[in-house]
Amino acid sequence: MGYLVAVAEVRFRRLDELTDDEVYAAYEPPGPDWLRVNFVSSADGAATLEGVSGPLSGEEDKRVFKVLRARCDVLVAGSGTVRTEGYGPLVLSPDRMAWRRARGLPEVPVMAIVSRTAALDPGSGIFTEAPRRPILIVPADLAKERLEPFLAVADVIAAGEGEVDLAAAVAALRERGLRQVLCEGGPHVFGSLVEADLADELDLTLAPKLVGPGPMRIAEAHGAGRGAQPTAAAARPLVLRHVLEAGGNLMLRYMRGSSDE
Ligand SMILES: NC(=O)c1ccc[n+]([C@@H]2O[C@H](COP(=O)([O-])OP(=O)(O)OC[C@H]3O[C@@H](n4cnc5c(N)ncnc54)[C@H](OP(=O)(O)O)[C@@H]3O)[C@@H](O)[C@H]2O)c1
């Protein structure tokens with residue numbers, strides 16, 4: 001927050017014409033504290049197909065997905081995403097680890113999981129096989145017996161009462177030096193980030209598919225926000241920074257701000 005984003009001409013480029021270095025450069029963050037969110041959606045707004053994101057996604061957007069992971073200090077995901085998508089330990093390929101080493105970064109980012117209830121398996125690989133100790137982000141008043149099984153396998157950030165206070169959680173990540181934050185959702189965590197005005201950037205792949213009604217969109221209301229209709233005045237403007245195209249997929253990089261700034 002607080003960075004002035006220089007508004008340049010929107011660049012449209014074909015992803016397969018870019019080298020890996022150019023893809024890394026295309027996602028250079030504008031400042032040391034940055035929170036970006038990465039999603040894939042069908043052209044008609046579905047965030048899932050057959051209950052997961054995989055059928056919407058392909059090698060094309062996965063290339064960007066992997067660069068974003070390699071660029072972050074911490075990867076944040078909600079417990080719904082971790083459970084449904086079967087997240088394992090956060091590992092990177094040797095070339096991505098080498099890219100990080102060359103920049104003085106630890107070989108892999110830290111994984112952080114947001115949960116109100118800690119309804120996760122502390123014996124799962126995301127905890128037990130993690131190359132760096134993961135972080136569990138929970139409300140401060142979560143019952144001790146729910147938290148206790150995780151203490152051997154994760155650090156804990158306690159933020160909020162009854163709900164996770166994401167602003168406090170992001171501040172706590174930054175205090176640990178985890179300043180480049182990548183959030184991979186899911187929709188309820190992203191909805192809360194938007195409500196708290198915490199997202200600096202949205203990297204959105206529009207997949208060339210019509211899914212039809214049924215699935216969630218990429219931002220959904222969590223907790224008290226359920227059922228409320230957003231107002232036009234509260235909608236936050238974004239600036240489109242670039243469009244990468246591959247196989248009919250559009251990879252859109254949006255940042256907070258308005259084009260007349
Ligand atoms: N298209 C894409 O790019 C994409 C990306 C990610 C996920 N997905 C899909 O999205 C679905 C999962 O969606 P989801 O919305 O349930 O997952 P989610 O946003 O990852 O997780 C929601 C959970 O996060 C926890 N939470 C704690 N504090 C919260 C807060 N302040 N705001 C919001 N959530 C908070 C709650 O956990 P507890 O239940 O533990 O209390 C809540 O149930 C899956 O089908 C997945 O495949 C799609």
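1. Gly186 is located in the loop between strand E7 (180-183) and H8. Strands (E, at least two residues) and helices (H or I, at least four) are DSSP runs, numbered from the N terminus. The peptide bond that joins Gly185 and Gly186 is cis, with omega about 0°. The loop between E2 and H2 holds Glu50, a residue that is not a glycine but has a positive phi of about 55°. As background, most peptide bonds are trans, and most residues other than glycine have a negative phi.

2. On the basis of the note: this is a predicted model, in which local features need pLDDT of at least 70 and side-chain atom pairs count only at pLDDT 80 or more, while totals for chains, interfaces and linings use all residues. Residues are numbered from 1 along each chain as its sequence is written, and side-chain values use heavy atoms, with hydrogens and water left out.

3. There are 29 residues around the ligand, of which Thr81, Glu85, Ser115, His188 and Ser192 come nearest; a residue is near a molecule if one of its heavy atoms lies within 4 Å of it. By class, this shell comprises 15 polar, 10 nonpolar and 4 charged residues. Here Ala, Val, Leu, Ile, Met, Phe, Trp, Tyr, Cys and Pro count as nonpolar, Asp, Glu, Lys and Arg as charged, and the others, Gly among them, as polar.

4. A polar backbone atom of Gly51 lies 2.7 Å from an oxygen atom of the ligand. A polar side-chain atom of Thr81 is 2.6 Å from a ligand oxygen atom. For Ser192, an N or O atom of the side chain is 2.6 Å from a nitrogen atom of the ligand. Strand E2 (34-42), helix H3 (79-84) and helix H8 (187-195) are the elements that give two or more residues to the shell, and H3 gives the most, with 5 residues.

5. Helix H2 (residues 59-71) packs against helix H4 (residues 94-102) at an angle of about 35°, with the axes 10 Å apart. Axes are lines fitted to C-alpha atoms over the stretch in contact, and angles run from 0 to 180 degrees between N-to-C directions. In the contact (heavy atoms within 4.5 Å), residues of H2 including Arg63, Lys66 and Val67 meet Arg96, Trp99 and Arg100 in H4.

Terms used
A polar contact is a pair of N or O atoms within 3.5 Å; within protein, one must be able to donate a hydrogen and the other to accept it, and residues adjacent in sequence count only if both atoms are side-chain atoms.
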